[in-house]
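Welcome! Open your viewer, and let us walk through this structure one selection at a time.

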Amino acid sequence: MDAEAFHCPMCRSSFCYQCRARLLPTDRQLECVNQSCDYYGKLTCSICNAPVEKIEPPAVYLEPEEGYWPVLLLLTLLLAIVVWAWTSFAWGLLFAILLYCIGGYLLNRLGINIFGRERKVEHQRKSRIYLCICCHQPVKELKLDSSL
């Protein structure tokens with residue numbers, strides 16, 4: 001067998017071009033696709049051609065957050081009932097409307113989530129890619145047919 005070969009036609013075995021280890025059909029087999037590279041079309045194993053982590057742009061989306069408006073409404077109604085008991089229904093209703101609107105606005109300005117808001121969520125993403133040993137360009141992953 002030729003020392004530069006990476007496939008034996010007699011036994012139909014494939015070998016890593018770098019370390020000459022036999023490649024089994026279950027192994028990850030990589031092939032350079034850059035035609036100007038010395039390793040073009042040569043099989044390499046995943047041990048010789050270690051993966052590189054590539055940082056990708058983060059996945060960003062907006063997620064709604066519920067507010068605490070039911071708590072504010074309950075407190076407003078309880079205080080409005082107290083005002084209604086001491087004065088009249090009209091003053092209790094006016095107090096409830098003003099307290100809910102102005103109180104909600106002021107609490108929202110203080111940073112308390114009263115009426116709900118959207119929260120920005122970012123998920124950092126990484127992927128593992130294989131680069132050619134020689135030219136450092138992305139390689140193609142092959143799956144050899146085990147029936148041959």
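Two residues are in contact here when their heavy atoms come within 4.5 Å. Keep in mind as you go that this is a predicted model.

**Stop 1: cysteine 32**

Select cysteine 32 and look at what surrounds it. Beyond its neighbours within four places in sequence, cysteine 32 touches Cys37, Tyr39, Tyr40, Gly41, Lys42, Cys132, Cys135 and Val139.

**Stop 2: the nonpolar core**

Now widen the selection. Which residues make up the largest nonpolar core? Nine residues do: Tyr17, Leu30, Cys32, Cys37, Tyr39, Tyr130, Cys132, Cys135 and Val139. As background, nonpolar side chains tend to be buried together in soluble globular proteins.

**Stop 3: the sheet**

Switch to a cartoon view and find the open sheet of three strands, ordered S5-S4-S8 with antiparallel pairing. At its edges are strand S5 (43-45) and strand S8 (139-142), each of which pairs on one side only. From one strand to the next, the twist averages 40°. In general, strands of a sheet pair through backbone hydrogen bonds, either parallel or antiparallel.

**Stop 4: strand S4**

Select residues 29-32, which form strand S4. Four bridges link S4 to S8, and the two run antiparallel. On the S5 side, S4 pairs in the antiparallel sense over three bridges.

Pick glutamine 29 next. Its bridge partner in S8 is leucine 142, while in S5 glutamine 29 stands opposite cysteine 45. Move along to glutamate 31, whose bridge partner in S8 is lysine 140.

Now show the side chains of S4. Which way do they point? Gln29 and Glu31 point one way, Leu30 and Cys32 the other way, and all of them are buried.

**Stop 5: histidine 136**

Follow the chain to the loop between strand S7 (117-130) and S8, where histidine 136 lies. Phi of histidine 136 is near 60°, a positive value in a residue other than glycine. Is histidine 136 buried or exposed? Histidine 136 counts as exposed because its relative accessible area is 54%, and the cut-off for exposed is over 50%.

**Stop 6: proline 70**

With a relative accessible area of 42%, proline 70 is partly exposed. To end, draw a distance from the C-alpha of proline 70 to the C-alpha of glutamate 118: the two are 48 residues apart in sequence and 18 Å apart in space.

Note on methods. Residues numbered from 1 in each chain as written. Predicted model: local features only at pLDDT ≥ 70, side-chain atom pairs only at ≥ 80, totals over all residues. Heavy atoms only, no water. Buried < 20%, exposed > 50% of the residue type's maximum accessible area, 1.4 Å probe, protein only. Core = buried A, V, L, I, M, F, W, Y, C linked by side-chain atoms within 4.5 Å. Pairing = 2+ DSSP bridges. Axes fitted to C-alpha atoms, helices over the stretch in contact; angles between N-to-C directions.
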